[in-house]
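Morning, everyone. Let me put the model on the screen, and then I'll walk through a few sites.

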Amino acid sequence: MGGRVHKSILNAEVNLLFYFLSLFLTFFSRKIFLDNLGAEFMGLTGTLNNILGYLNLSELGISACIGYFLFKPLQSDNRQEIQNILSLLGYLYRWIGGIILAGAIFVSLFFPLIFREATLNLPIIYFAFYSFLGSSLIGYFINYRQILLSADQKNYLVAIYYQSARLVKLALQIYLAYTYKNLFVWVAIEFLFAVIGCIILNWKINKEYPWLKVDVRQGRLLLKEYPEIITKTKQVFIHKIKDFVLVKSDELFIFLFVSLKMVAFYGNYMIIISKLIAMFSSITGSVGASVGNLVAEGNKQHMLKVFWEYTTIQHTIAAILTFSLYTLLEPFICHWLGAEYVMDHRILVLLVLYIYITNSRNSVDSFNYAHGLYADVWSAWAELGINITITIVCGIQWGIIGILLGKLTSLLAIVVLWKPYYLFTAGFKEPVRNYWSGVLRNYAISAFSIGTSVWLIRFIPFSPYASLWLWVAYAALSMLVFLVIDVSATLIFAKGAKDSFYRIKNIRKR
């Protein structure tokens with residue numbers, strides 16, 4: 001237990017450090033890029049990355065399964081099995097990289113048709129696409145071994161080198177964009193740093209695991225020794241396709257149903273949202289591997305205790321995200337980019353509902369993953385079908401609002417109702433009523449805290465729109481009001497709250 005906690009703390013500290021280092025640079029760079037490279041180019045980068053995301057669907061499932069199968073050999077220090085599993089991963093990734101390359105070449109043939117209404121020239125579109133493609137393929141042909149760092153709770157090593165390179169890259173892109181306003185240079189820097197990051201990361205992996213010998217040529221023979229990996233991969237593949245459509249396809253749907261310009265507008269919102277989520281993920285991001293090791297130990301009572309601690313923490317984080325985004329995002333957009341970049345308020349309402357559900361679900365997802373519970377492929381198809389159907393019907397009618405309605409409806413049906421049932425019946429072997437008797441308190445606490453706080457902050461005697469400094473003061477006061485209400489209610493009523501508070505309070509002693 002001590003080792004897991006120590007590694008989680010180290011991961012959290014390193015991730016938080018780089019989070020705050022990159023926060024200002026990210027927002028500052030977005031403003032520079034929009035002003036000097038144009039909203040359409042920034043929309044193009046989002047669209048091209050989403051196209052590549054669809055091509056990357058052929059990978060989905062493999063990395064998740066490999067991480068799951070690494071937990072036990074890491075716990076027992078079975079180096080030969082670790083090498084076998086990574087050799088198998090390398091073999092599979094070689095094939096996937098080839099499939100993605102072929103698919104990318106095929107899709108690019110249709111760019112004159114896909115981007116016929118764009119004002120950007122085809123040379124920059126192709127140059128950007130193949131540069132992004134090259135950066136992606138590096139992960140399949142070279143960087144696949146980094147999954148070992150994740151399963152071994154050493155993501156801090158990835159963060160140190162990857163995030164350092166990213167900060168330097170952003171600084172260089174800001175300077176070159178402001179000085180030369182050249183789209184080709186911006187894209188070239190993006191690819192160059194992907195190569196540099198690859199070299200540094202693999203050097204560190206070799207230093208951290210000098211005994212690691214991966215033989216990709218043996219991967220095909222090893223398929224027969226690990227048939228369960230293929231079975232699990234097929235199951236996870238379906239779930240990951242569904243997750244991709246829900247999480248990654250927004251900008252592509254907006255491009256199809258609205259416009260390339262609105263992709264950039266929506267992207268501005270998502271940058272802020274992703275940065276807030278990243279701040280909390282930097283603290284809890286290593287929990288997945290920790291939970292995997294916990295489940296591998298097999299102590300059911302301890303698992304349930306940790307589950308409720310983690311659930312309460314995730315619902316608290318989800319409530320903080322929801323309240324802060326609802327009250328502060330729109331005035332921040334006004335100060336950051338200008339009032340013309342603020343979208344329909346109904347979009348914000350739907351976004352914060354989506355953010356709450358997706359972030360409060362993390363505890364259930366982590367324990368399902370740790371138990372290897374992926375056999376419910378029907379639920380993935382159902383969620384995907386509900387999402388696509390409503391997105392297409394409502395997206396044509398209402399644009400971004402319709403796209404978000406599709407996401408929310410599918411989440412409520414499967415994530416909120418089915419996934420907890422599956423975990424408790426197939427994983428914990430407990431009645432699902434035990435889940436609902438606890439989690440309904442979390443939902444009630446969040447609704448009460450957010451609703452009460454939104455009403456109370458109306459009495460703050462100044463507007464967050466007046467100036468950036470008044471926005472900062474408004475943010476501090478409103479978050480203080482919310483945290484007092486939410487933390488108090490959580491400690492009094494939420495299941496596992498006192499245990500989680502005790503763990504956080506004494507985390508350095510463990």
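I'll start with Ser324 and its neighbours. Ser324 touches Leu276, Leu329 and Met479, leaving aside residues up to four places away in sequence. Contact here means heavy atoms within 4.5 Å.

Now the ground rules. This is a predicted model, with local features needing pLDDT of at least 70 and side-chain atom pairs counted only at pLDDT 80 or more, while totals for chains, interfaces and linings use all residues. Residues are numbered from 1 along each chain as its sequence is written, and side-chain values use heavy atoms, with hydrogens and water left out.

Back to Ser324. It is found in helix 15, residues 300-336. Helices are DSSP runs of H or I, at least four residues, numbered from the N terminus. Is Ser324 buried or exposed? Buried, because its relative accessibility is 11%. The cut-offs: buried is under 20% relative accessible area, exposed is over 50%, and partly exposed is in between, with a 1.4 Å probe and protein chains only. The side chain of Ser324 also reaches the backbone oxygen of Ile320, at 2.8 Å.

Next, salt bridges. How many does a search of the whole structure find? Five. The criterion is a side-chain nitrogen of Lys or Arg within 4 Å of a carboxyl oxygen of Asp or Glu. The general idea is simple: side chains of opposite charge can pair when their charged atoms come close.

I'll show three of them. We stay in helix 15 to begin with. There, Glu309 and Lys305 are four residues apart, about one turn of the helix. Their side chains meet in a salt bridge, 2.8 Å from N to O. Glu309 is at 3% relative accessibility, so it counts as buried. Lys305 is at 35%, so it counts as partly exposed.

Then Asp344 and Arg346. Their side chains meet in a salt bridge too, 2.7 Å from N to O. Asp344 is partly exposed, with a relative accessible area of 31%. Arg346 is exposed, at 53%.

Then Arg361 and Asp365. Here the N to O distance in the salt bridge is 2.7 Å. Arg361 is buried, with a relative accessible area of 12%. Asp365 is partly exposed, at 26%.

On to cysteines. Cys198 is buried, with a relative accessible area of 7%. Cys394 is buried as well, at 14%.

Now the surface. Which residues make the nonpolar patch of about 500 Å²? Phe106, Leu109, Phe110, Leu113 and Ile114. Patch residues have over 30% relative accessible area and no salt bridge; like charges are joined within 9 Å, and nonpolar side chains (Val, Leu, Ile, Met, Phe, Trp, Tyr) within 5 Å. Areas come from the Shrake-Rupley method with a 1.4 Å probe, and for residues only the protein chains shown count as cover. Take Ile114 from that patch. It lies in helix 5, residues 111-114. At 32% relative accessibility, Ile114 counts as partly exposed.

Last stop, Leu491. It is found in helix 21, residues 468-493. Leu491 is partly exposed, with a relative accessible area of 30%.

Technical notes: Helices (H or I, at least four residues) and strands (E, at least two) are DSSP runs, numbered from the N terminus. A polar contact is a pair of N or O atoms within 3.5 Å; within protein, one must be able to donate a hydrogen and the other to accept it, and residues adjacent in sequence count only if both atoms are side-chain atoms.
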